[in-house]
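Please open the model in the viewer and keep the sequence at hand.

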Amino acid sequence: MEAMDWIREVAGMAADRGKLLSWTQPVTGFPVVMRDVRTSESRIVMASGKHIVRTPSLEDGVRKDKQMDGSAPNVIHTFDGAHIAALAGVCRVLDVDMVPNHDMGRTHAASRRGLRRAMLETMVDLYQADPFAELHRQWQVSIGADVPPPPPRGQFNLTDILRSEYAFS
C-alpha cells in the first residue's frame, strides 16, 4: 500500500508541473509514458453530418486524476512485463519451453520444474535490483522536482522464495 501511495503522489507532482509520468521498464529498457492529457474538441460539418473530433494535447494540460489513478497499476504491470521478458530470455538459454500468459509463464509437464525455478530466480533478480529506487532516480530527472524517496524496503528476504513450496506452484 505504501508503494502505491508513493507512486500516486509522484504522479500528482508530475501533473502539477504539467508533465506526463514516464519511466523505463526494467530488463527491456522499453520507454513508458502515461498520456493522460486533456482533449480539445472541434466540431466539423461534413456532407455526412456534424462530427466531433477530440484531439489530445499536452498543451491542454495533464489529467491529474487519471494520471494518479493509473500510475500504480501501470508501474506494476511494467514490472510484471519485465519479469516475463527476463523469464523468456532465461528459458531460451535453458531450452525450457515457455508460453507467456499475462504475468505468468506456462509450459508442459516435462518442463515444469525448470520453468518454476527460472520464474523464481528471475523474480529475485528483478526485485533485488530495487526497481523502486530506479524509478525514484528517473523521476527526479524527468519531473525536475524534489521527488520524495520510495518507502523503505521491508525485512523480507527475497531469496526465501527460492525455497518456497507454493510460490508459482
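Predicted model: local features only at pLDDT ≥ 70, side-chain atom pairs only at ≥ 80, totals over all residues.

H1 and H2 pack with their axes 8 Å apart, at an angle of about 140 degrees. Are the two helices parallel, antiparallel, perpendicular or oblique to each other? Angles over 145 degrees count as roughly antiparallel, and H1 and H2 are therefore oblique. Their crossing is right-handed.

Next, display the side chains at this contact. H1 contributes Met4, Ile7, Arg8, Ala11, Gly12, Ala14, Ala15 and Asp16, while H2 contributes Lys64, Gln67, Met68, Asp69, Ser71, Ala72 and Val75. By type, the residues of this contact are eight nonpolar, three polar and four charged.

Now centre the view on Gly12, which is found in helix H1. Gly12 is buried, because its relative accessible area is 5%, and buried means under 20%. Beyond residues up to four places away in sequence, Gly12 touches Lys64 and Met68. Select Asp65 as well: Gly12 and Asp65 are 53 residues apart in sequence, yet their C-alpha atoms are 7.9 Å apart in space.

Proceed to the largest nonpolar core, which has 24 residues; Leu21, Trp23, Leu135, Trp139 and Ile143 touch the most other members. Helices H1 (2–16), H2 (64–94), H3 (112–128) and H4 (131–143) each give two or more residues to this core. H1 gives the most, with six residues.

Select Leu21 and its surroundings. Among the residues that Leu21 touches, leaving aside those up to four places away in sequence, are Val10, Val32, Gln67, Trp139 and Ile143. Finally, select Ile84, Cys91, Val96 and Met119, which belong to a second, separate core of nine residues.

Conventions: Residues numbered from 1 in each chain as written. Heavy atoms only, no water. Core = buried A, V, L, I, M, F, W, Y, C linked by side-chain atoms within 4.5 Å. Buried < 20%, exposed > 50% of the residue type's maximum accessible area, 1.4 Å probe, protein only. Helix = DSSP H or I, 4+ residues; strand = E, 2+ residues; numbered from the N terminus. Contact = heavy atoms within 4.5 Å. Axes fitted to C-alpha atoms, helices over the stretch in contact; angles between N-to-C directions. Parallel < 35°, antiparallel > 145°, perpendicular 65-115°, else oblique. Left-handed = near helix turned anticlockwise from the far one by under 90°. Nonpolar A, V, L, I, M, F, W, Y, C, P; charged D, E, K, R; others polar.
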